[in-house]
Amino acid sequence: MDTGSYGAGKAGSVSFDPVAFFMHPRTILRLLSWVFSIVVFSCIVNEGYINIGSERLLCIFNNNADACNYGVTIGVACFLGSICFLILDAYFPTISNVRDRKRAVLLDLVFSGLASFLWFVGFCFLANQWQATSPDELPLAQGSDAARATIAFCFFSILSWAVLTLSALRRFLTGSHTNLFTWQHLDPAPSNARATPYPITNGATIVTTNPYQAPPFTETLDPQKLTQQRPMAPAF
């Protein structure tokens, strides 16, 4: 079960394990999404504008400034969002409040789903504008590599954020029926627990994994008392 814990102990006293954290699939996806967003907005900022015979900078995507602005905006937003959710993932095991845990997972679900949708819109928008760009608008193919890289990493971002959305949805659904939103999942069962048998009168035994707790509501019964207390059949 994907509980999102990276340590041991109760909530509020969890020791952070950086190796387990960075090896977690969700952390790897967030880092990939973070890198993809950097590539998108850096390509547009560095090589997404050209000037042809004037001081005015024109967007390489069909001279449409909205296309470049959209790519930069969503790239920066997902860049910051990836950092925030990385911090939240690291802090999540220490959250002891059930409502805060639900809100954190729900926020992850909403943001990841919205980011995946916006990346899909951006991919379609930028690909359409690049297809409409004529070679005359880009002398010596200026910025063509940056435009292709931007479109490609928009597509990769769709996939990474879609997987993060499914992961958050799975966490939310399973957490509603299990102990994901409680601190019990941070208390692993002791592996060295020794089974302690408790004999009863009929020859069977009660086995428990807790050697310090006796079975409740039990007492030693005398078989003779049982026969004496047995009700007699009524005589008619």
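The legends below describe close-up views of a predicted model of one protein chain. Local features need pLDDT of at least 70, and side-chain atom pairs count only at pLDDT 80 or more, while totals for chains, interfaces and linings use all residues. Numbering starts from 1 along each chain as its sequence is written, and side-chain values use heavy atoms, leaving out hydrogens and water.

**View 1. Overall fold of the protein chain.**
The protein chain holds six helices and four strands. From the N terminus, their order is α-α-β-β-α-α-α-β-β-α. Helices (H or I, at least four residues) and strands (E, at least two) are DSSP runs, numbered from the N terminus. The chain has 236 residues, and 33% of them are buried. Buried means under 20% relative accessible area, exposed over 50%, and partly exposed in between (1.4 Å probe, protein chains only). A contact puts heavy atoms within 4.5 Å. Of the contacts between residues at least 6 apart in sequence, 68% join residues at least 24 apart.

Rings of Phe, Tyr and Trp (its six-membered ring) pair if their centres lie within 6.5 Å; planes under 30 degrees apart are stacked, over 60 edge-to-face, and the rest tilted. The count by this rule is twelve aromatic pairs. Phe-41 and Phe-79 are edge-to-face because their ring centres lie 5.9 Å apart and their planes stand at 70 degrees. This pair links distant parts of the chain, with Phe-41 in helix H2 (residues 25-47) and Phe-79 in helix H3 (residues 65-91), 38 residues apart. Phe-111 and Trp-161 also pair edge-to-face, at 5.6 Å centre to centre and 65 degrees between the planes. Here Phe-111 belongs to helix H4 (residues 98-131) and Trp-161 to helix H5 (residues 144-177), 50 residues apart. Phe-111 is partly exposed at 24% relative accessibility, whereas Trp-161 is buried at 1%.

**View 2. A phenylalanine cluster.**
Phe-36, Phe-123, Phe-153, Phe-155 and Phe-156 are linked into a cluster by ring pairs.

The charged end of Arg-101 sits over the Phe-92 ring, 4.6 Å from its centre. The charged end of Arg-171 sits over the Phe-92 ring as well, 5.0 Å from its centre. A charge sits over a ring if NZ of Lys or CZ of Arg is within 6 Å of the ring centre and within 35 degrees of the ring normal. Searching the whole structure gives one cavity of 30 Å³ or more. A cavity is a set of points on a 1 Å grid over the protein atoms alone where a 1.4 Å probe fits but cannot get out; lining residues have an atom within 4 Å of a point. The largest cavity holds about 40 Å³ of space. Its lining includes Arg-30, Phe-85, Phe-92 and Arg-171. H3 and H4 each supply at least two residues of that lining.

Ile-28 is found in helix H2 and is partly exposed, at 37% relative accessible area. Not counting residues up to four places away in sequence, Ile-28 touches Phe-22 and Met-23. Thr-150 lies in helix H5 and is buried, at 1% relative accessibility. With the sequence neighbours up to four places away not counted, Thr-150 touches Val-40, Cys-43, Ile-44, Phe-61 and Leu-126.

Methods
On a 1 Å grid over the protein atoms alone, a cavity is a set of points where a 1.4 Å probe fits but cannot get out, and a pocket is an open set with protein on both sides within 12 Å along at least five of seven lines; lining residues have an atom within 4 Å of a point. Grid points are joined across faces, edges and corners, and a volume is the space filled by probe spheres set on the points.
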